[in-house]
Amino acid sequence: MKVTIIMLATHYAALVSRLFPPGNTDEQFGCGILGVSHTPSGCNLLLRQFIVADASCLIRQSGASVRPDPRFVEYVWTLAEKSRSSLLDCHTHPFCDTHVRFSPIDDHDACDGFPKMVKRLGPGPHASIVFGRKSLDAQWYDAQSRTIRPVGEVKILGEKLQTIVPTSADGSTALKVTNR
């Protein structure tokens, strides 16, 4: 199944500016509420709302790590649950310009977090994005096969359509999630 994340250009610009505040080299975190549209060839995930976790919503933040406060996570998950939406987790790797990838720690957190999302919010699909300064990588969780798969593309809708191909879109980074 091909999964595409879609957002308005105004949302994308605001999201990137909030995730990369001027003069700040710490990792940032936020969550998006996604509408789901199934197509014959896959699924489109439309960003409806994005919430950035400010310093008061984080329990750890540095240039190489970010961890949201569980109360922030609960708040966002409740929003997704009430609106019957899918969830998008986003964070930054401000130390990376091009060819950003999810780290092994990110992969571990995804293997733990995606099944919890499905249990509470339904099969989604749910997704995550890691932003570098000039690139992004994106993945989604296939609840049926319990596999984390690369997102095919991120489309930015504005005066012109912009298509961003995530770093791992070639499919070489699929992860199998095992029961823990």
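This is a predicted model: local features need pLDDT of at least 70, side-chain atom pairs count only at pLDDT 80 or more; totals for chains, interfaces and linings use all residues.
Because Lys-2 belongs to strand β1 and Glu-153 to strand β10, the pair ties together parts that are 151 residues apart in sequence. Lys-2 is partly exposed, with a relative accessible area of 42%, whereas Glu-153 is buried at 14%. Lys-155 joins these two residues in a network of salt bridges.

The count of salt bridges comes to 8. Among them is the one between the side chains of Glu-81 and Arg-120, at 3.1 Å from N to O. This pair links distant parts of the chain, since Glu-81 lies in helix α2 (residues 70-82) and Arg-120 in helix α3 (residues 104-121), 39 residues apart. Glu-81 is partly exposed at 38% relative accessibility, and Arg-120 is partly exposed at 26%. Asp-112 also forms a salt bridge, with Lys-116, and the closest N and O atoms are 3.2 Å apart. Both residues lie in helix α3, separated by 4 residues, or about one turn of the helix.

## Nonpolar cores

The largest nonpolar core contains 23 residues, and those with the most contacts inside it are Ile-5, Met-7, Leu-88, Ile-129, Phe-131 and Leu-136. Elements that each supply at least two residues of this core include β1 (2-8), α1 (9-19), β7 (127-131) and β8 (136-142). Apart from it lies another core, of 20 residues, among them Ile-33, Val-66, Trp-77 and Met-117.

Beyond its neighbours within four places in sequence, Leu-136 is in contact with residues including Tyr-12, Val-100, Ile-129, Phe-131, Val-154 and Ile-164.

Strand β8 is largely enclosed by the rest of the structure, because 7 of its 7 residues are buried. In a regular strand the side chains alternate between the two faces of the sheet. In β8, Leu-136, Ala-138, Trp-140 and Asp-142 point one way, while Asp-137, Gln-139 and Tyr-141 point the other way.

Strands β7 and β8 run antiparallel and are joined by 5 bridges; they form a hairpin with 4 residues between them. Here Phe-131 stands opposite Leu-136. Strand β8 also pairs with β9 (residues 147-150) in the antiparallel sense, over 4 bridges, and Gln-139 stands opposite Pro-150. In the hairpin of β8 and β9, Arg-146 takes a positive phi near 55°.

## A nonpolar surface patch

Leu-8, Leu-157 and Leu-161 form a nonpolar patch on the surface, together having about 260 Å² of accessible area. Leu-161, in strand β11 (residues 161-164), counts as exposed at 52% relative accessibility.

Definitions and conventions: Residues are numbered from 1 along each chain as its sequence is written. Side-chain values use heavy atoms; hydrogens and water are left out. A nonpolar core is a set of buried Ala, Val, Leu, Ile, Met, Phe, Trp, Tyr and Cys residues joined through side-chain atoms within 4.5 Å. Buried means under 20% relative accessible area, exposed over 50%, partly exposed in between (1.4 Å probe, protein chains only). Contact means heavy atoms within 4.5 Å. Two strands pair if DSSP finds at least two bridges between them. Patches are made of residues with over 30% relative accessible area and no salt bridge: like charges are joined within 9 Å, nonpolar side chains (Val, Leu, Ile, Met, Phe, Trp, Tyr) within 5 Å. Accessible areas come from the Shrake-Rupley method with a 1.4 Å probe; for residues, only the protein chains shown count as cover. A salt bridge is a side-chain nitrogen of Lys or Arg within 4 Å of a carboxyl oxygen of Asp or Glu.
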